[in-house]
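Student: Before we begin, could you walk me through this model by question and answer, stating each criterion as it comes up?

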Amino acid sequence: MNRAAIEHRPDPAFAFPVAPDRLRVRLRAARGDLVSCHVVYGDRYDPEGPEEVVAMEKVATGARHDYYEAHLHVPRRRVRYAFYLHDGREGLWYGERGLAADRAQAGAFHCPYICPGDAFTVPDWAADAVVYQIFPDRFANGDPSNDPAGVEAWTADARPTATSVYGGDLEGIRQKLPYLAELGVNTLYLTPIFASPSNHKYDTTDYFRIDPHFGDLDTLRALVRDAHARGMRVILDAVFNHCGYGFFAFQDVVKHGQASPYADWFRIYEFPVRTRPQPTYETFARGVWTMPKLMTHHPAVRDYLLQVAAYWTREADIDGWRLDVANEVDHAFWRAFRQVVKGIKPDALIIGEIWHDAAPWLSGDQFDGVMHYPFRDAVVSFFATRQIDAAAFDAQLADWRMRYPEPALLASWNLLGSHDTERFLTLCGGRVERMRLAVLFQLTYLGAPMIYYGDEVGMEGGPDPDCRRPMVWDEARQNRELLGWYRQLIRLRRNCVALRRGAVRTWWVDPLVGGYGFLRLADEEVVGVALNNGPRPVAVTLDAGAFGDAPRLVDALSGEVFAVAAGRVTVALPPWQGRVLVRSA
Ligand code: ARE
Ligand code: CA
């Protein structure tokens, strides 16, 4: 047995309650090493009492590891558990004292008590969300009277610079709600809307005021009200890592230096405050002088920003927050933030912007989920730039699935791109068939799909600022076929609980042809997705056992029917196409 690879820890990635009497446990082993894995458990205060033995299921295989899972039923909430592992040659016990042939020597792991207050609960609607990201200056101009000076022409050929403005606003978003409803999205995420001198508004001047070029409290209320009336939710961007140069507290420090009561809201290296040649204060990223970093651990700063969060949650009735640069703000701040926001609106959604491993924020006391950039990395590399094959793609997805507790996976936003990245179609070199397949994957995989405005009509764009072109509304310049594809897939997802909430199991991996398939398993239904990410037609014979005794499966997208024989189904896949297979009567 590869002993060094065996891992379990009683922490949220490996053991998390899914109900007050149900604990999900995971175990990691070297890939291909174990032939069986059991967990034995009982009441921790009753060492001689009855025990349960459960065979763990191998649920995922990553690049180097296999992952096993089981559910422990613990009505008394206190549980001790140990694993019994076998690799075909030897059997070993595994507990908190390590691996041993002797059970007592290995010891046990303990879940001292499943406190109901510790359960990782995300809003129920989070798993049903189809998110649409809007960069307000670029989506729609509903009120030319509030346009900033110097707006550029809103054309399909527009190429923004870092300082371009186009006049988009909240009223424009409100007017486009019918378009969004027809697309089928149900959650709008707006990048920052508070007063700021830039087009992106990540350098806040006034946290209590909507930027006048976007509207005011009433326009926001009207947008939220009309969105709610259509069953859509609205998420705002919380930029609390840093403020803008014009923020009153920073201006006070600029003016009064060390004597300012706000001096320790920031990290000033040297007084007086200067912006050049290098800022004499800590900023966002490297020397972005327009964005002084806030000391969120300082009680006065924390209280101020928590008031901001409370104000908008209450006054505008918004449905949650996306947190900018979330991984550079202290954990205690985010714990307090969660209390405040959920205290006002218990089903508000909290999504951190984290490009890397976000496990330290995803144990239930801080965020519900994250913008899932590692998902994007995998999808870009497999479908767009084709730098990895199906086996590597599957392994990456598996490893990420096993890093976070499941509620966080359900709530996280699976994106193909954002206002910070090149557009997906551009990364595909404009080859729409690649994008179509990636979107099919995105809309059928675990986690809430996030669509960056304009992707659905085939917009292209390189890195920031080119990825922020004004939305193409001219139908003659839209890719209407792609739009239809998005609509169809969103509808399918919204009508299919397995696609939104079902467990994922790898179904088919064929690096030679670019074939990839996975199952989505819910109690009510089973869906099988098979993708041909390659230039040649493929016919593949797959195990149909998960579909029970179904005599045939039907592709929910095309209506094509495939017969099941002896528990197997042969599926024809044209180049760059996929099937979403369900039971057919
Ligand atoms: C401007 C220019 C850029 C230039 C940048 C750096 O437009 O071309 O590269 O300055 O000086 C906002 C604006 C940006 C603006 C920036 C600074 O939207 O247009 O860029 O302010 O003025 C990291 C962070 C992540 C952050 C990205 C941008 O971890 O939190 O960098 N994203 C948020 C927002 C941005 C926003 C800010 C933060 C600042 O979503 O829109 O920028 O409020 C790797 C790293 C990541 C890194 C990522 C992107 O993967 O591992 O950590 O993210 O690249 O750089
Ligand atoms: Ca306007």
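Tutor: Two strands are taken to pair if DSSP finds at least two bridges between them, and helices (H or I, at least four residues) and strands (E, at least two) are DSSP runs numbered from the N terminus. This is a predicted model, in which local features need pLDDT of at least 70 and side-chain atom pairs count only at pLDDT 80 or more, while totals for chains, interfaces and linings use all residues. Residues are numbered from 1 along each chain as its sequence is written, chains are lettered from A and ligands numbered from 1 in the order in which they are written, and side-chain values use heavy atoms, with hydrogens and water left out.

Student: In what order do the four strands of the open sheet with antiparallel pairing stand, and which strands are at its edges?
Tutor: The four strands form an open sheet in the order 1-2-6-5, with antiparallel pairing. The twist from one strand to the next averages 30 degrees, where axes are lines fitted to C-alpha atoms, for helices over the stretch in contact, and angles run from 0 to 180 degrees between N-to-C directions.

Student: Which residue in strand 6 stands opposite E57?
Tutor: Strand 5 pairs with strand 6 (residues 65-73) in the antiparallel sense, over four bridges. Within strand 6, the residue opposite E57 is E69.

Student: What angle does the direction of helix 9 make with that of strand 5?
Tutor: Helix 9 (residues 390-401) packs on the sheet and touches strand 2 (22-30), strand 5 and strand 6, contact being heavy atoms within 4.5 Å. Its direction and that of strand 5 make an angle of about 120 degrees.

Student: How many residues does the hairpin between strand 1 and strand 2 pass through?
Tutor: Strand 1 and strand 2 pair in the antiparallel sense over four bridges, and A19 stands opposite R22 in strand 2. The hairpin that joins these strands passes through two residues.

Student: Why is the arrangement of donor atoms around the calcium ion (ligand 2) irregular?
Tutor: Donors are N, O and S atoms within 2.8 Å of the metal (3.2 Å for Na, K and Ca), and since water is not among the atoms, sites may look incomplete. The protein donors of the calcium ion (ligand 2) are N141 (OD1), D143 (O), N146 (OD1), D147 (OD), G167 (O) and D169 (OD), lying 2.3 to 2.7 Å from it. Four donors count as tetrahedral if all angles lie between 85 and 135 degrees; four count as square planar and six as octahedral if opposite donors are over 155 degrees apart and all others between 65 and 115, and anything else is irregular. The arrangement is irregular because the six donor atoms subtend angles of 61 to 164 degrees.

Student: Is N146 buried or exposed?
Tutor: Buried means under 20% relative accessible area, exposed over 50% and partly exposed in between, with a 1.4 Å probe and protein chains only. D143, another calcium donor, is partly exposed with a relative accessible area of 26%. At 13% relative accessibility, N146 counts as buried.

Student: In the open sheet of eight strands, which are the edge strands?
Tutor: The sheet has the order 23-24-25-30-27-28-29-26, with antiparallel pairing. Its neighbouring strands are turned by 25 degrees against each other on average, direction ignored. Those that pair on one side only are strand 23 (503-510) and strand 26 (538-543).

Student: How many of the seven residues of strand 30 are buried?
Tutor: Strand 25 (residues 526-532) and strand 30 (residues 578-584) pair in the antiparallel sense over four bridges, with G528 bridged to L581. Strand 27 (residues 552-555) and strand 30 also pair over four bridges in the antiparallel sense, and L553 stands opposite R583. Strand 30 is mostly covered, and the number of its residues that are buried is five.

Student: Is T280 buried or exposed?
Tutor: T280 is found in the loop between helix 5 (248-256) and strand 16 (283-284). Leaving aside neighbours within four places in sequence, T280 is in contact with I268, Y269, E270, P272, V273 and R274. With a relative accessible area of 5%, T280 is buried.
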